[in-house]
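Keep the sequence and the model in view while reading.

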Amino acid sequence: CGMDDGGLLHRMEAGFMDSLARGNAWAKAIIPRLGARRKSRVAILYPTAMALLEPLAVEGADEKRADFLGLYKACRYFGYDPEILEIPDLLAGLDADVLLIPADECYHAMRNQKAEEALRQFADRGGRIVHGPDADIIRLAFDLQPEATGGTCFTYQKEGGLLSGHGFISWPGDAIALWREDGKPCVSRRKYGSGIIYSFGFPMGYQYASRTAPHVPFSQKNNELYPVALMNHQPLRDILLDAAEMDAPFAMKDVECSRFAHGWVAVNHRSTPVSISLEGIWHGTQESSPGILPGHSAVFIETEEKT
């Protein structure tokens, strides 16, 4: 939260300090009991080059950085606890079913052709790659060339989607979603060896991280359109569920769940309580009724057998 940067923590009110102390005490007691975290079959490639080389003052940089954060949020909403990888992890061998690649338009400045070959090998042996408009490593690794589009809204599974962000394009391949304005592929898929490359013509992660609601373009008049995160059918969720088993026993917005050797950790970021069905011994940051996780709280659900 940045409160340590200016020495502001001591100015916070007593209720905040008490809550922070309880949370830290809970974490200190629980973390040694968790055991190893179970590895996910879904991974996200961190945009290292952009993080190192592109200042936030560059126009559009905030949207592109939020693309990575949004992909992580979306995975958590969908019941996944994704691995966060960097280029050396690709070179060491990618052990996953799905790799999500967010925007990194600075990749060419730190290009690594061995990493590109690792991506091709991953796809060739059956891996699935998901990327958006500014994933430069994909353009170079697979020689994919996008087309311009006049699209601002799309149709997926007969449902209209509204978008946040800029720089929409169209990728070659079999269309699974179409731009409403010109009918070009908005989301496409193409086979590569035994694997599949899913190409989004818009920053998919940013749709889950944007703080502003998109507006319906005048050209769409009274057509029924929804932000991606509110659509009944969401392309990214369908791709993940088709490719990899969920890491968590449930999928719930703003509620994270991670699996460890000795149980589960669930965190409720909502202000309201939620009901979760996980058997075991509950060790929560707050007291609650069985199966109820209060708002802004966490719980370690210890299991007798290793999960």
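Gly79 has a relative accessible area of 3%. Buried means under 20%, so Gly79 counts as buried. The model is predicted, and this value is computed from it.

Where does Gly79 lie? Its place is the loop between helix H3 (61–77) and strand S2 (83–85).

## Contacts of Gly79

Look past the residues up to four places away in sequence. Gly79 then touches Met246, Asp247, Ala248, Phe250 and Ala251.

Val255 is another residue to check against Gly79. The two are 176 residues apart in sequence. In space, C-alpha to C-alpha, Gly79 and Val255 are 9.1 Å apart.

## The four-stranded sheet

Four strands make up an open sheet. Their order is S13-S14-S18-S16, and the pairing is antiparallel. Strand S13 (255–260) and strand S16 (281–284) are the edge strands, each pairing on one side only. From one strand to the next, the twist averages 20 degrees.

How many bridges join strand S14 to strand S18? Six bridges link S14 (residues 263–268) with S18 (residues 297–302), and these strands run antiparallel.

Helix H1 spans residues 14–34. Helix H1 lies across S13, S14, S16 and S18. Relative to S18, helix H1 runs at about 30 degrees.

Technical notes: Residues numbered from 1 in each chain as written. Predicted model: local features only at pLDDT ≥ 70, side-chain atom pairs only at ≥ 80, totals over all residues. Heavy atoms only, no water. Helix = DSSP H or I, 4+ residues; strand = E, 2+ residues; numbered from the N terminus. Buried < 20%, exposed > 50% of the residue type's maximum accessible area, 1.4 Å probe, protein only. Contact = heavy atoms within 4.5 Å. Pairing = 2+ DSSP bridges. Axes fitted to C-alpha atoms, helices over the stretch in contact; angles between N-to-C directions.
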